[in-house]
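Welcome! Take it one topic at a time and find each part as you go.

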Amino acid sequence: MTILKKGVVLFLVIIYNISCSKKKNTADVEKEVATGDSIAIYMGPNYDHHKKYGDFNFTTEKEWDSLNAISHKAKTKPVYKIDNRYKTFGWHLYSKGSAYKSYNFSLLWGVSYFSYLVNADTGSYDTVHQWKTTALVDSAKVHNCKVFLTVSNFGSKRNASFLKNQKAQKTLADSLSSLLALRKADGINIDFEGVPAESKKEFSDFIVTLSDRLKSQNSDYIVSLALYAVDYHKVFDIKAIDKAIDFYTLMGYDYYGSFSKHAGPVSPLKSSRKWGENSIESSVDYYLNEGVAATKLIVGLPYYGDVWQTTSESIPGKTEKFISHDGYSEIKNLLYHKKYKVYFDKESATSYSIYKENDDIRQMWFDDSLSLSYKYDWIKSKGVSGVGIWALGYDHGSDELWDLLATKFGAKD
């Protein structure tokens, strides 16, 4: 068979497998999001990832590698290890398959596998992907990197239903205990998005009870909680839950996104007249004022960018439509091959590019080694616990972000 014919056959096989592996487990949330808005319902890039990949029934990392063209090159021996004054934390997405084979675990304090998707009716999981078998866990442990399992639930209806169901909550705790013990993992990262305001007390009670149940099984288990960039409806009662939480991960991204009327920085460092009040700094100050200890707060930053079609090249640019969330490597490849010029916005400490595709004006806002350098320095000066990465593997094939992490949060090995 010729190379061309082999390529066609492989393409058809992949398309067939994708179409046959679809299921309807995101439909209820999609309907809800479609009728909501960015303030009424918080759905960040964590949910966007779930919406994009959640309907694939792949059972192996090899299938994800094929879908996303994941390959590996030989790694050099690490020169740096994590500076023990800081916590560096990253999420590994199941869709990234075996991308972890290229991670520099010596520079990570913790990694969380994304994710256990809660069945809102039973508390068991709709899927846990390759958690039971992934060599990510073993690779992390070799480098004394802590391992967590992210626990996700998306949408106000699903959250409201689950938070009223005590039986389902107990089942969740039992299921998590079993899965953590299976992999000898260190704990969980709770990521419940779209919690309605009226469920605030139930949400707090659930967090405390879940933490108590897990720690009763193993007192060394670590329980962490993902915080929204902006808690519009004040669903996080820090005073009520803080005793149950060992550390918090701020989702310091999606300040501008698919919901935005103007293209802008995904993760603006500081508030400004140009970009508005909400920023990493305002979010951190808000949660510190709510009672989160700086030593318990990890500030998550994006390894991705957003692309919009805009009406003009002006900054800020009014959007005509949202195009895509793109990982760092995708953005880097686009910029390299198309030779698009990159600019730096000082007010938000964010990089961006303006270009044309088929006569349409597009604006792409993203973080790179320059913008992240500013934000890493700010995190260190603020005295918080460390930095989080959404998401590991988005820079697959590149070394510069690992080099920057080593420079800012590493120590010579």
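Let us begin with a pair of helices: α7 and α8 cross in a right-handed way. Keep in mind throughout that you are looking at a predicted model.

**The α7 and α8 pair**

- Two packed helices are described by the angle between their axes and the distance between the axes.
- Helix α7 covers residues 166-183 and helix α8 covers residues 200-217. Their angle is about 40 degrees, and their axes lie 10 Å apart.
- That angle makes α7 oblique to α8.
- On the α7 side, the contact is made by Gln169, Lys170, Leu172, Ala173, Leu176, Ser177 and Leu180.
- On the α8 side, the residues in contact are Phe206, Leu210, Arg213, Leu214 and Gln217.

**The chain as a whole**

- The protein chain contains 13 helices and 17 strands.
- It has 413 residues, and 55% of them count as buried.
- Consider the contacts between residues with a separation of 6 or more: 72% of these contacts join residues 24 or more positions apart.
- The accessible surface of the chain comes to about 18300 Å², and carbon and sulfur atoms account for 51% of that surface.

**A sheet of 6 strands**

- In what order do the strands of this open sheet follow one another? The order is β9-β12-β11-β15-β14-β13, with antiparallel pairing.
- β9 and β13 (343-345) stand at the edges and have a single partner strand each, so one side of each is left without a neighbour in the sheet.
- Helix α11, made of residues 328-338, packs on this sheet. There α11 touches β11, β12, β14 (350-357) and β15, and its direction makes about 110 degrees with that of β12.
- In a regular strand, side chains alternate between the two faces of the sheet.

**How neighbouring strands are joined**

- Strand β9 (residues 262-263) runs antiparallel to strand β12 (residues 317-327), and 2 bridges join them. Here His262 stands opposite Lys318 of β12.
- Strand β11 (residues 304-310) is also antiparallel to β12, with 7 bridges between the two. For Tyr304, the bridge partner in β12 is Gly327.
- β11 and β12 form a hairpin, and 6 residues lie between these strands.
- On to the next pairing: β11 and strand β15 (residues 360-366) are antiparallel and share 5 bridges. One place to look is Trp308, whose bridge partner in β15 is Gln363.

**The α10 and α12 pair**

- The axes of helix α10 (residues 280-290) and helix α12 (residues 369-382) come within 12 Å and cross at roughly 25 degrees.
- α10 passes α12 in a right-handed crossing.
- From α10, the contact is made by Ile280, Glu281, Val284, Asp285 and Leu288. From α12, Lys375, Trp378 and Lys382 take part.

- Where is Lys408 found? Look in helix α13, which spans residues 400-409.
- Lys408 has 16% relative accessibility, and it counts as buried because buried means under 20%.
- Leaving aside residues up to four places away in sequence, Lys408 touches Tyr86, Ser373, Tyr376, Asp377 and Lys380.
- Lys408 and Lys380 are 28 residues apart along the chain, and their C-alpha atoms are separated by 8.7 Å.
- Ser199 sits in the loop between β6 (187-193) and α8. Its relative accessibility is 0%, so Ser199 counts as buried.
- Not counting residues up to four places away in sequence, Ser199 touches Ala160 and Leu163.
- Ser175 brings us back to helix α7. Is Ser175 buried or exposed? With 13% relative accessibility, Ser175 counts as buried.
- With residues up to four places away in sequence again left out, Ser175 touches Tyr116 and Tyr125.

Technical notes:
Residues are numbered from 1 along each chain as its sequence is written. This is a predicted model: local features need pLDDT of at least 70, side-chain atom pairs count only at pLDDT 80 or more; totals for chains, interfaces and linings use all residues. Side-chain values use heavy atoms; hydrogens and water are left out. Helices (H or I, at least four residues) and strands (E, at least two) are DSSP runs, numbered from the N terminus. Buried means under 20% relative accessible area, exposed over 50%, partly exposed in between (1.4 Å probe, protein chains only). Contact means heavy atoms within 4.5 Å. Accessible areas come from the Shrake-Rupley method with a 1.4 Å probe; for residues, only the protein chains shown count as cover. Two strands pair if DSSP finds at least two bridges between them. Axes are lines fitted to C-alpha atoms, for helices over the stretch in contact, and angles run from 0 to 180 degrees between N-to-C directions. A crossing is left-handed if the near helix is turned anticlockwise from the far one by less than a right angle, and right-handed if clockwise. Angles under 35 degrees count as roughly parallel, over 145 as roughly antiparallel, 65 to 115 as roughly perpendicular and the rest as oblique.
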